[in-house]
Amino acid sequence: MKVVLPKHIGSEEIRQFFMTHGKTIKLKKKEYFAKKGIPLFSVGLVVSGGFKLIYKHGKKEWIKSFIFEDGLLGSLPSVLENQPIPYSIIAIEPSEVIVLTKNEFKSKMEKENGYENFLIQFLSKLYLKKEERVADFLLFEPEKRYKKFIQEYSHVLDRISQIDQAAYLGITNVALSRIKKRIFLKNP
């Protein structure tokens, strides 16, 4: 009996998969891909543009992460268990996304014999990113978190507003301005 191992699914295969089976939508700046509290029944692949994933309580806003080209939009608890999404996904600039319903995504990926492998890879990356983010908040002062943010998002930094950068770092816009000023004075 021959054992068939699942093939490795990389970003190019995922892009091709979405392009072949998905539907392209366009979102304007500040338009929602998903709203907090509503189950999400689709998965999106960002073709162009960028998004922020935000938790909001009253007027206070925390940014979970930013997603740009070739990133996947969705919420695992919402997609896998039909739970309301705990955050909103909002375009930070005009964007284009290829969308698949969660059922299409799962069934087509299963037919490709790579769904489980893809899911394991995706969940592993997501878990490691989340662990790193929690450790950064617990162990690093805001200035060090900002320096790390600059390294991680250097290729898209000019596309993220200072207000959104501050919300991601868990500090005020004024505090971020002070940090930038200190860094600039040290490294003109």
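Let me begin with Asn82, which is partly exposed, with a relative accessible area of 44%; here buried means under 20% relative accessible area, exposed over 50%, and partly exposed in between, with a 1.4 Å probe and protein chains only. The phi of Asn82 is near 55 degrees, a positive value in a residue other than glycine. Asn82 sits in the loop between helix H2 (76-81) and E7; helices (H or I, at least four residues) and strands (E, at least two) are DSSP runs, numbered from the N terminus.

The model is a predicted one, in which local features need pLDDT of at least 70 and side-chain atom pairs count only at pLDDT 80 or more, while totals for chains, interfaces and linings use all residues. Residues are numbered from 1 along each chain as its sequence is written, and side-chain values use heavy atoms, with hydrogens and water left out.

A second residue with this kind of backbone angle is Lys30, which has a positive phi of about 75 degrees although it is not a glycine. Lys30 belongs to the loop between strand E1 (23-27) and E2, and with a relative accessible area of 65% Lys30 is exposed.

Ile38 and Pro84 are 46 residues apart along the chain, yet their C-alpha atoms are separated by 4.5 Å. Setting aside residues up to four places away in sequence, Ile38 touches Ser78, Pro84 and Ile85, where contact means heavy atoms within 4.5 Å.

Six of its eight residues are buried, so H6 is largely enclosed by the rest of the structure. The buried residues in H6 are Asp164, Gln165, Ala166, Ala167, Tyr168 and Leu169. After H6 comes Gly170, with a positive phi near 75 degrees.

What does Gln165 touch, not counting residues up to four places away in sequence? The partners are Tyr146, Phe149, Leu157, Ile160, Leu176 and Lys180. Gln165 counts as buried because its relative accessibility is 4%. A polar atom of its side chain lies 2.9 Å from the backbone oxygen of Ile160. Ile160 in turn, leaving aside neighbours within four places in sequence, is in contact with Phe66, Phe68, Ile92, Phe149, Tyr153 and Gln165.

On a 1 Å grid over the protein atoms alone, a cavity is a set of points where a 1.4 Å probe fits but cannot get out, a pocket is an open set with protein on both sides within 12 Å along at least five of seven lines, and lining residues have an atom within 4 Å of a point.

The largest pocket has a volume of about 1,500 Å³; grid points are joined across faces, edges and corners, and a volume is the space filled by probe spheres set on the points. Its lining comprises 50 residues, of which Ser65, Ile67, Leu72, Phe122 and Leu126 lie nearest its centre. Helix H4 (residues 115-139) gives the most to that lining, with 13 residues.

The second largest pocket has a volume of about 210 Å³. Of the 14 residues lining this second pocket, Lys30, Lys52, Ile90, Ala91 and Asp164 are the closest to its centre.

Finally, the structure holds one cavity of 30 Å³ or more, and the space in the largest cavity is about 130 Å³. H4, H5 and H6 each supply at least two residues of its lining, and H4 gives the most, with five residues.

Notes: A polar contact is a pair of N or O atoms within 3.5 Å; within protein, one must be able to donate a hydrogen and the other to accept it, and residues adjacent in sequence count only if both atoms are side-chain atoms.
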